[in-house]
Amino acid sequence: MRLGIHTSISGGFEKAVQHLVALGCNACQIFSRSPRGGKARGLKEDEVIRFRELCFINDIAPVAVHIPYVLNLATSDPDMHKYAAQMVREDMERADALGAIYLVLHMGSHKGNGIDKGLRQVALALNNALKKYQGNTVLLLENTSGAGTEVGYLFEHLKSVLEMLEIDKSGICFDTCHGFAAGYDLSTGEAVNETLGQFNSIIGIDKLKLIHANDAMFPLGSTKDRHADIGAGYIGATGFRAFLCHPLIKDKPLILETPAASDADWKRNIEALKVLYPVP
Ligand SMILES: [Zn+2]
Ligand SMILES: [Zn+2]
């Protein structure tokens, strides 16, 4: 079982790894910079080497970097679009330096220009970001909850962007809360089977590289991106058990993004997932 949390790097990369180890994690997700955007400080060579070393020693893999929330890849505004592509490129390089194999992307909102245009803008931004790129980062599109004019809430949206990308080093990060909020039921064994079957036939399960394991604070189809503790939301323990035990999900790395004010919150959610995880 590969299980990690989204952890803060505000105390430095070394502290971040210590935090993961203390919680018993063997996977992780970080921001490589402030999630609110702005210019990122350069990464120092010794800190990135130390980070990679510590992840290796402590068997933390995969490491995923999440792009800042503020970016909108789906925008038709030329300046915002260019900025988003630049930030993605920077984060791809930062991910490479940190030894992170995945860069998780929020696709953003079309703001009234329509889903198709929004999806084309996402692919264009990513193709621009990828120009002459020779690193190892695999781009992962994260499904959205479909709030407002967000794109990427249907499996068909994700598939269409993957098809427009000029690389094959790409895949999907599936967020259970977002999927449920977008109308993909995960609350029963039957529903999980139906949802994962759809994913498999539309996108293909081999494209699923990472799971954001979050329960949902609002009912099916709410479009609200509000995460709840594992088992305490509308997906519930039954839904999570069915999801984790499903043959299509077996061995996929799990990252928790549940609300956490303290380590006790993380520990409770880690324990909740472990209890529901199928015994090998
Ligand atoms: Zn997520
Ligand atoms: Zn979310």
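Visitor: How many helices and strands does the protein have?

Guide: Helices (H or I, at least four residues) and strands (E, at least two) are DSSP runs, numbered from the N terminus. The protein has nine helices and 10 strands. A word on the source: this is a predicted model, in which local features need pLDDT of at least 70, side-chain atom pairs count only at pLDDT 80 or more, and totals for chains, interfaces and linings use all residues. Residues are numbered from 1 along each chain as its sequence is written, and side-chain values use heavy atoms, with hydrogens and water left out.

Visitor: What does the radius of gyration tell me here?

Guide: The radius is taken over C-alpha atoms, and the globule rule is 2.2 Å times the number of residues to the power 0.38. For 280 residues, a compact globule would come near 19 Å, and the protein's 18 Å agrees with that.

Visitor: What share of the residues is buried?

Guide: Buried means under 20% relative accessible area, exposed over 50%, and partly exposed in between (1.4 Å probe, protein chains only). Of the 280 residues, 54% count as buried.

Visitor: Which peptide bond is cis?

Guide: Look at the bond from Ala61 to Pro62, where omega is near 0 degrees. Pro62 sits in the loop between helix H2 (45-57) and strand S3 (63-66).

Visitor: Where does Asp59 lie, and what is its phi?

Guide: Asp59 is also in the loop between H2 and S3. Its phi is near 55 degrees, a positive value in a residue other than glycine. Asp59 counts as partly exposed because its relative accessibility is 41%.

Key:
Chains are lettered from A and ligands numbered from 1 in the order in which they are written.
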